[in-house]
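Please read them with the structure open.

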Amino acid sequence: MSDFARVADPARPLRVVQVGAGAMGLAWIRTLAASRDVELVGVADLDVDRAAAAVRAVGADAEVDVSLSGLLTATEPDAVVNVTVPAAHGAVNIEALFAGVPVLCEKPAAPTLAEAVVQVAAAEATGRLLMISQSRRYYAALAEYRRRIAELGPPGLLTTGFFRGPRFGGFRDEMEQPLLVDMAIHAFDAARYLLDAEPVSVSCESWNPAWSWYRGDAAATATFLFDGGTRYVFTGAWCADGLETSWNGEWRATGSGGTATWDGEDRVTSSVSGAADVPPGAGEQIAGALAEFVAALRTGAEPSGAIARNLHSLAMVEAAVRSAESGTRIQIAALLDQAHRDALSHPVREEVRARLESWSPQP
């Protein structure tokens, strides 16, 4: 059991306010409206007309406002779902936590590891749950693949190949590291789940192919060392037209007992136990994240996406970027130590600062 407070009577749905009504926000609103476990009671967005249109689109009876503050008073929610842009995640999450309301937040927790560390401290200071939605953890096929990997004995090598050519336009085209920063966190987080281990260090190279339509590096190869000696290798490109992989990539694990693969969709194959097509589960992607969040609030059990646990997935991204930029291997414990020091230099509430100052340095 975790030390955050449990909320709400299990006999009734959780009253939820969502912040952010853009494209991803609308997907979340639809998921909330379709769930029996929650009741959407409010939507906040800087564009209040967009928020109202999103509420109408799902036929919900929910209040709208330009900010979270008004909705916290008007609706007295049991939880907040944060689907704002990453730069706004920290302010929204901390406001909700200090109002006594737990939060389910879209990934990434923050643009930087230090900002995410501040949010870890805020969650601890308030005793409220802050969970990060890593939606691509929630696939029945991924869970089955994890079971197949366990049959092999401790894996020596896990690999992901990710090759797609989406033409998003907008901010991704201008990012310095669009693949590593915006997409690779899904694969990195899944690797932690599959290996049930934490990363130790990484060496990464990134580049931008001559034909790329991105300004920054749209291709990368990163080799992580994990606890126990397993190497995890991610190789990907976001300007790879033709023969594209799944959005989850293509996976291979090798251990002393054999090899297991996953096509990123429904096909899981093992040299030990054969192949299987795994049907979708009852709740996958963001619906799966919502279900785990609700279960955590009902029972007090810590979810896999609790921000203190999710920190290592974000650390993998930041470490890979720093390695690519510096040409050196980055130690993740040292990176987390630096993030803690940087967090102490941020202007934060006294309760948050006290929590930060109470932590021992990373070993």
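Predicted model: local features only at pLDDT ≥ 70, side-chain atom pairs only at ≥ 80, totals over all residues.

1. UniProt, in an unreviewed entry, places "domain: Gfo/Idh/MocA-like oxidoreductase N-terminal" at residues 14–132.

2. A cis peptide. Most peptide bonds are trans. The bond joining Lys-107 and Pro-108 is cis, with omega at about -10°. Pro-108 sits in the loop between β5 (103–106) and α5 (113–126).

3. A positive phi. Most residues other than glycine have a negative phi. Glu-76 is not a glycine, yet its phi is positive, at about 45°. Look for Glu-76 in the loop that runs between α3 (68–75) and β4 (79–82).

4. The α10 and α11 pair. At what angle do the axes of α10 and α11 cross? Helix α10 covers residues 307–326 and helix α11 covers residues 332–344; their axes cross at roughly 100° and come within 10 Å. The two helices are therefore roughly perpendicular, since angles of 65 to 115 degrees fall in that class.

5. Who touches whom. From α10, the contact uses Leu-311, His-312, Ala-315, Met-316, Glu-318, Ala-319 and Arg-322. From α11, Ile-332, Leu-335 and Leu-336 meet them. By class, this contact of α10 with α11 has 7 nonpolar, 1 polar and 2 charged residues.

6. The cavity. How many cavities of 30 Å³ or more are there? The count is 1. The largest cavity has a volume of about 110 Å³.

7. Its lining. The largest cavity is lined by 15 residues. Those nearest its centre are His-186, Ala-187, Trp-247, Asn-248 and Trp-251. The elements giving two or more residues to this lining are β7 (155–163) and α8 (184–195). Which element gives the most? That is α8, with 4 residues. By class, the lining of the largest cavity has 10 nonpolar, 4 polar and 1 charged residues.

How values were computed. Residues numbered from 1 in each chain as written. Heavy atoms only, no water. 1 Å grid on protein atoms, 1.4 Å probe; cavity = no way out; pocket = protein on both sides within 12 Å on 5 of 7 lines; lining within 4 Å. Points joined across faces, edges and corners; volume = space filled by probe spheres on them. Nonpolar A, V, L, I, M, F, W, Y, C, P; charged D, E, K, R; others polar. Axes fitted to C-alpha atoms, helices over the stretch in contact; angles between N-to-C directions. Parallel < 35°, antiparallel > 145°, perpendicular 65-115°, else oblique. Contact = heavy atoms within 4.5 Å. UniProt positions renumbered as here; feature names shortened; annotations may be inferred.
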